[in-house]
Amino acid sequence: MEEPIVLKIFLIGFHHKKGCVKDSEYPKENKYDFDIERLPSLCLPDQSHNYESDSVYFVIPNSNEEKRIFGVSCFRQIKTDKLINRKENDGTEFSRSSVQKSVCCLTSIPLFGYIEVKLNLYVDKIFEQADFLKCEELLKESYIELNRCLSMRLETIDLNDFYIGLCLRELISIWKHKILVLFKLLLLEKRVLCYGTPVRPLCTTILSIISLHPHLLNKGLWNCPDKKQKKLEIFQDDKINVEEEITNSTDSQKPHLMNLRCINTKDFFAPMHIFKNGYLCLPFISLSYIDIIADKLNNGFIAGASNVLFQQKKNLVDVIIDIPTQTIDYNDAELKRSLQLTSHDLRFFEHILKGIDSPSEEMGGIGTDQWIRNQFESYFTSMLRTNYEVDNNRELECFNECFMEEWRKTNNYQDWLTKKITFMSSNLEGNDFDKFPLGHPFSRQPINVSDVRNKIVQSINNTPSARKTVAAVTTTFSNAKSSFALWLSNLSVKEEVSDDLKDEYDKVDQEKTNQVI
């Protein structure tokens, strides 16, 4: 019998003495290899009591790389006085003014956003029922219905299904050029901790970065069945195939943009195998799993956390990323140097920002999330081709030579190189990848004033002291602007009063003159 897509459904609660606990589950039997005792802490994150609702995406830590288990948990909070039954599973009364519960779905496919949408419908039903001791039937119903929906969806699956709930346009508008830094950071297989609350934006930021790498979300985390893989490849390869400048826009105010060239992803063996050889993808982990990131047997990780204690474990990580403030703190100066964006990188990102600011449905849907992914794919292809083929330092410097050298040492690059060498041994003519233009896609123009401005902005944004200075200057300028506006307003009022008084004086003078006459 074929294994179901949805493996289990849980109701998780917060007990005033025991902490996060499993209230009920369906099916009852546990035939999967994971630590079920620590699971509740993933479903009700630290600080979740500060929010009425939240969602969590996670990958079960230490699950088999070839058969990962993915989780989606939808959290709600309800006032105790609104409940029909105000007792815990063990018969004790709820001791707090509000009750926190979460419904968790474990699945074999990383369709996080799609499952979240469906799961929320059943979470609403459970909370409308207002009796958590009578949830068994609803859990069973949600298990059966989710499996039915996902089985049907799997028949017509495409890449867009993996991107539900992710919004690159919004993310890039917030993070700006730092998105490109995070994109390159992932390739270096470092120990990366992302911190923030609420948890959903934390998880979606990590998954969005992953989704910028060709096929990494749908194939790098999940071993897609061969019969489904063709559908994904057909969808992925429906792109603009030529590098083309858009000059026929009817709006003369819009900047000129290019659709960067893309090739079939099979020609460069996408995805890169980042999440193999002991490198972990953990969109969210709780404090119960801190031993996972401390384990020396793991080669690295990108992990999300909401407990502030993780931020204090700087000895366990290379980089700490604060999601709410968009700050990147490095514990390694050499790593920071490797991830400095070049002028050509900043040009590429300026190209992305222009596309977002001037969207167009013509010429490949400029500014859409799919267009953004296509541009990043082309950038990545150029970078991979250059690193493979070029010994010329000048070409490598366009991508940051230190980064290119560090990338060559990683497991994902070495795995790719083995595939490439094996392919070339039996295909001497190569493929479209070997005909792809060498060098950075934005290296054709000489350095200009705009490049200098972009470098200055990058330097300011990357320096904590400079960020504080900019914030102080901005605040001072804002206060000065307000004071000036107030002064100007008062001045206008005084002028009006002065004019009125002048009229009165003139009137009095005229009356006196008349009397004299």
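## Helices α5 and α7

In this predicted model, Leu168, Leu171 and Trp175 of helix α5 meet Thr205, Ser208 and Ser211 of helix α7. Sorted by class, the contact between α5 and α7 holds three nonpolar and three polar residues, with no charged ones.

Helix α5 covers residues 168-175 and helix α7 covers residues 199-211. Their axes are 11 Å apart and cross at an angle of about 105°. Angles of 65 to 115 degrees count as roughly perpendicular, so α5 is roughly perpendicular to α7.

## Helix α16 and its buried face

Which residues of helix α16 are buried? In this helix, residues 401-408, they are Phe403, Met404 and Trp407. Seen down the axis of α16, these buried residues fall within an arc of 100°, so they line one face of the helix. The spacing follows a general rule: an α-helix has 3.6 residues a turn, so residues three or four places apart point the same way.

The buried residues of α16 pack against several other helices: α6 (178-187), α11 (333-338), α14 (369-389), α15 (393-397) and α17 (411-426). At the start of α16, Asn400 places a side-chain oxygen within 3.0 Å of the backbone nitrogen of Cys402.

## Asp161 in helix α4

Is Asp161 buried or exposed? Asp161 sits in helix α4, residues 159-162. Its relative accessibility is 3%, and buried means under 20%, so Asp161 counts as buried.

The side chain of Asp161 makes a polar contact with the side chain of Arg153, at 2.6 Å. Apart from neighbours within four places in sequence, the residues in contact with Asp161 are Leu111, Tyr114, Arg153 and Thr156.

Lys420 is part of helix α17, one of the helices that the buried residues of α16 pack against. With a relative accessibility of 0%, Lys420 counts as buried. Leaving aside neighbours within four places in sequence, Lys420 is in contact with Phe269, Tyr388, Asn431, Phe433 and Asp434.

Lys140 belongs to helix α3, residues 136-155. How far apart are Lys140 and Pro27 in sequence and in space? They are separated by 113 residues in sequence, while their C-alpha atoms are 7.5 Å apart.

Methods
Residues numbered from 1 in each chain as written. Predicted model: local features only at pLDDT ≥ 70, side-chain atom pairs only at ≥ 80, totals over all residues. Heavy atoms only, no water. Buried < 20%, exposed > 50% of the residue type's maximum accessible area, 1.4 Å probe, protein only. Helix = DSSP H or I, 4+ residues; strand = E, 2+ residues; numbered from the N terminus. Arc of directions from axis to C-beta. Contact = heavy atoms within 4.5 Å. Polar contact = N/O pair within 3.5 Å; in protein donor to acceptor, adjacent residues only side chain to side chain. Axes fitted to C-alpha atoms, helices over the stretch in contact; angles between N-to-C directions. Parallel < 35°, antiparallel > 145°, perpendicular 65-115°, else oblique. Nonpolar A, V, L, I, M, F, W, Y, C, P; charged D, E, K, R; others polar.
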